[in-house]
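Please read it alongside the sequence and coordinates shown below.

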Amino acid sequence: MLIAKLRFAARRVLLAAPTLLVIVVLNFGLLQLAPGDAADVLAGEAGAATPEYMVQLRQKFGLDQPVYVRLAKYVGNIASFDLGFSFRHNQPVAQLILARLGPTLLLMVSVLLLAVGAGVLLGALAARHLNRWQDNVISLVAVLTYATPVFWAGLMLIVVFSVKLGWFPTSGMEAVAAFHTGWTRIADIAHHLVLPAVTLTLFYLALYTRLMRASIIEQSTMDYVTTARAKGLNERQVLLWHLLRNACLPVLTMAGVQAGALLGGAVVVETVFAWPGLGLLAYDSLFARDLNLLLGIFFVSACLVVAVNLAVDMLYALLDPRIELR
Amino acid sequence: MRVARRTALGVLSAVPLLCAVPAYVVAQGTPQAGGTLVMVVQPEPPTLASYQSTSGPIGQVATKVYEGLLEYDFELKPQPGLARSWSVSADGKTITFMLQEGVKFHDGKPFTSEDVKFTILDVLKKTHPRGLNTFRAVETIDTPNPLTAVFRLSEPAPYMLMALSGYESPMLPKHVFGTGDIAKHPSADRPVGTGPFRFVEWQKGQFMRFDRNPDYWKKGRPYLERIVARFIADGSTRAAALETQEAHIAGFSAVLPVDVRRLEKMPHIAITTRGYEMQSPIVELDFNTKAKPFDDAKVRQAVAYAVDRKFVIDNVWFGFGRPATGPINSNFKATGLYTSDVTNYNVPNGVDVANKLLDDAGYARGAGGVRFEIVHDVTPYGEEWRRFGEYVQQQLAKIGIKATLRYEDVPTWLRRVYTNYDYQLTNNWIQTLADPVIGVHRLYHSKLIRAGTVFVNGTRWSTPETDSLMDRASVETDAKKRATLYHEFQKRVVQESPIVFVHELDFVTVHSKRLQGFLVSPLGIYANFDQAWLQK
Amino acid sequence: MSEIFRRFARNRPALVGVGVLLAVAALALLAPALYPQSPFEMVGKPFEPPLASTLLGTDQLGRDVTAAVAHGARVTLLIGLVATFIAILLGATLGGIAGYFGGWVDTLLMRLTEIFQTIPFFLFAILLVAVLTPSVGSVVFAIAVVSWPPMARLVRSEFLSMRNREFVQACVGMGMGHWRIILRHILPNSLSAIIVTGSLMVATAILIESGLSFLGLTDPNVMSWGFIIGSGRTVLPTAWWVIVMPGIAILLTVMAINLVGEGLNDALNPRLRHL
């Protein structure tokens, strides 16, 4: 069994390589479609530039070479784990991404844990008291939080909890002027994490709550539930020992999908709260035409998704033995 | 005929006289030492290499670390900086700078004339976008002793003395930047200078930190213990940071005009539009004068009449600005270069006049009252430009022009307007800087119609007469004669209207009232903050 | 069929949802009659609060927020519905085929899904709209392109687990044709998941559109709810109604869609009344 699982994993990793390549080429191609390049942006920021200066810039960035040469170079670099140099930020891309990866992961893991945890609980609660007031209230709240645009929720939370009440900071990941260390720093970061995490959790919470609820409802029509009841188990036991495990599957799938979308979804929250993550970096680099950086971010997120999908599939097979790992 | 185009600060006779220095610029009470100043800088600078990039936000931070040979007072008269005195030879081709004694770089090594020579000749002249022109005349720099630098010029260059601030021409340590490729130097983002603050760290996307330089050559300064520059992407969040006093100062309109109006009512906050006298930006509508329909001056004039400048200033920029009348900013009134004796498009019945002009020009109204259709590009530098574009779209509809708005990002827009000339009408804003030679000529001179160069003559309008006026004015030393030339120039440009002059933009600095002593020169936030202090 | 209808009718929240949606649809249809002038026209003084001279107030340029919300209903609904429809079609088809047939078909289609899913969806939407220049068409295209993968994966997982159930194995054993099995046995059982997810997707589409507008990626010539919010974002403290009103409109519409989706779900799964 273990061998089969390992073989499956190895095969998937191997299969992933061409996928990643296709992604890199596709992204590269898409970004070529956009007119204007990094030199244009830098010139625009500088407010004035002579043609000589811009030629110099293009040479420096290697932008004067034909497309296929640049692509070939880039792919070759990726193979040796060199993600290139960001001329706009004057740093190797890998370094930039690493610096911003932490905050994004922190935000998203917190959100994921909170949202899935609360979602599963609330969804189970709603399904348990189907069509009674608990169900209606939970469903209503879920829909309400889902329907609120994320940036609007964020701005409102800042206005209420930050500006008016002063309970939380308005933005950023740490109090920059204080330079805390150790536990104080962790506490400070946690303090800054609250509003952005809550803003984003509200949105994803709805998804998992409703999915869990629907999933339990669907599962409870299954034969094994009838069997369990016939065996004499009460409703609570049925829910905990049988339904939960199976009903989790669609939620797991969705969570896997969401985990893969870590970066992009956080762009808005990172913008509103100035949270120094990858989403914002990617958005900036798109408009700065910093191809190296943008491709680097896409590549890293691609690897992340492949890894997460693999994990989800294996976990899935663990929970539902009827599914073959082909 | 040399036109000193891209030098930073102007010919002597073009000095705008700034008389009244506001009361709070003179520090209230005695400066208190200590404290951390938090500045909001928008957007995040791409690099700290101010010797290589003139990108706006760089000037707000790099100037705390690097210094220049000279400083300037509010009358734009050069004051001693790293040079304690200087003298210009009779023929103007030799300038001798005597440097301050005991100046050390942040790594302890002394600042000498070798560093001046290296900075000017090997760095600024080669890689600085404006330095290429500013120091064109400098052939060599002699360094007879560590405290003397002698500039030998190929011809007189009086404008050069105005370009030696820490912002425009930062002095670099040769022992750091002399080795390695200056274009990709590892110390580019870890600057080592002589300034009142040392660079400590830069967390990309978050902040930059500068600590007090205990060995600063001006004894007793700086007062502040630390400066932190914070980068916050969202406008409302920036305002909130100032409101809650998490930040003490935000300049260059980092706080949006609408929030400024709200914040200025708060007891702990003050605003100022001073400290931008070197920029003089003008908001304008640029036409593509080489294609229909805007190749016809009457059509251009009609659009100029249709815009209600007061409405735009009050509602899009919340009152920050004055109606513009022509290519030269009214900041130059005191020097005599400015004139308002030009065609006045800012009339109450502008829409009616415009309609008549278009009728006369032969563009009759067709189906749905539309004379013709155009695409109106919007400059991608912020929300205000979109509102401005939407407003213009509505006004154009009133005179029978159906305009479709188009938003693109910076590189796309720049390419469209300044390389491909693939546009009809775009809004825009240009800094006219401290002398028309530097900021204004580039927009109207035929020699500056250069595809691929940005923020120059993108309308491709020019006439031999205006070219000649500009060329003569750039070398004219007699102030009255120069003024006459520029008056004629303004009359002609405004009449032909290749650009609609909408308003003279005011940048705003929002700051905590606890912050004193930061506004000590017309460079404003582009100065080194050695006199800034926080009231406890 | 009438049984389903009756079950739906007994669900009060769902009926409320239907009511709201009908109201929104009516608003969209009647907008040109109620507010004949373009919502871009500057009709009043800037920043008038609600109930001063207009129902919902005016914005920075003196434009009537009421007219904007009314006209915006059309655009927003159009974008949401069309984008979702394309996404569901694409996603369910690909996911179903992958889940049912398995093997190399599954692998190939899943590779395709993976390719689309490896770029963060919102970032991809931003990329597409920015590259194609913001317009209604590019926004719809972008939303559809980023929305189909989750649907495909969901349908695939449903089909995958369903395919191995006894009753399907029985059909296969009986020699029933693939499409018959899919359409008559598997699909109906997966329908509830598709409906639930699909209804959320319309809502998601509307929310993505508003998110794109917040970041400035919106058609400048067309008034959608997201556009109004985007234009009012910077003036939130001064003129809260510019954001709140269309925000409420989005909220109500999205909620209504969800309630209706829930109602459909409950109506289609009648045995689920009691656990």
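This is a predicted model: local features need pLDDT of at least 70, side-chain atom pairs count only at pLDDT 80 or more; totals for chains, interfaces and linings use all residues.

**Sheets of chain B**

Strand S1 (residues 36-40) of chain B pairs with strand S10 (residues 226-230) of chain B in the parallel sense, over five bridges.

*The four-stranded sheet*

- A further open sheet in chain B consists of four strands in the order S4-S5-S7-S6, with antiparallel pairing.
- Strand S4 (83-88) and strand S6 (138-145) of chain B are the edge strands, each pairing on one side only.
- From one strand to the next, the twist of this sheet averages 20°.
- S4(B) and strand S5 (residues 94-99) of chain B run antiparallel and are joined by five bridges.
- In this pairing, B:Ala83 stands opposite B:Leu99 of S5(B).
- Helix H2 (residues 113-127) of chain B packs on the sheet, where it touches S5, S6 and strand S7 (148-153) of chain B. The direction of helix H2 makes about 165° with that of S6(B).

**Fold of chain C**

- Chain C contains 10 helices and zero strands, and its pattern along the sequence reads α-α-α-α-α-α-α-α-α-α.
- Along the principal axes, the C-alpha atoms of chain C fill a box of roughly 75 × 45 × 30 Å.
- Of its 275 residues, 56% count as buried.
- Taking the contacts in chain C between residues at least 6 apart in sequence, 69% join residues at least 24 apart.

**Contact between chains C and A**

- Chain C contributes 48 residues to the contact and chain A contributes 55 residues.
- On the side of chain C that touches chain A, at least two residues each come from helix H4 (103-118), helix H5 (121-132), helix H6 (136-163), helix H8 (178-214) and helix H10 (240-268) of chain C.
- H10(C) provides the largest share of that side, with 10 residues.
- By class, the side of chain C that touches chain A comprises 29 nonpolar, 13 polar and six charged residues.

**Nonpolar core**

- The largest nonpolar core has 333 residues. Those with the most contacts inside this core are A:Tyr208, C:Ala125, C:Ile126 and C:Ile143.
- Helix H3 (residues 65-101) of chain C gives the most to this core, namely 17 residues.
- With neighbours within four places in sequence left aside, A:Tyr208 is in contact with A:Ala115, A:Val116, A:Gly119, A:Val120, A:Gly123, A:Val251 and A:Met254.

**An open helix in chain A**

- Helix H9 (residues 223-230) of chain A has eight residues, of which the number buried is zero, so this helix lies largely in the open.
- H9(A) is followed by A:Gly232, which has a positive phi, near 110°.

Key: Residues are numbered from 1 along each chain as its sequence is written. Chains are lettered from A and ligands numbered from 1 in the order in which they are written. A nonpolar core is a set of buried Ala, Val, Leu, Ile, Met, Phe, Trp, Tyr and Cys residues joined through C-beta atoms within 7 Å. A residue is buried if 20 or more other C-beta atoms lie within 10 Å of its own, exposed if 12 or fewer, and partly exposed in between; C-beta atoms are placed from the backbone. Two residues are in contact if their C-beta atoms, placed from the backbone, lie within 7 Å. Ala, Val, Leu, Ile, Met, Phe, Trp, Tyr, Cys and Pro count as nonpolar, Asp, Glu, Lys and Arg as charged, and the others, Gly among them, as polar. Two strands pair if DSSP finds at least two bridges between them. Axes are lines fitted to C-alpha atoms, for helices over the stretch in contact, and angles run from 0 to 180 degrees between N-to-C directions.
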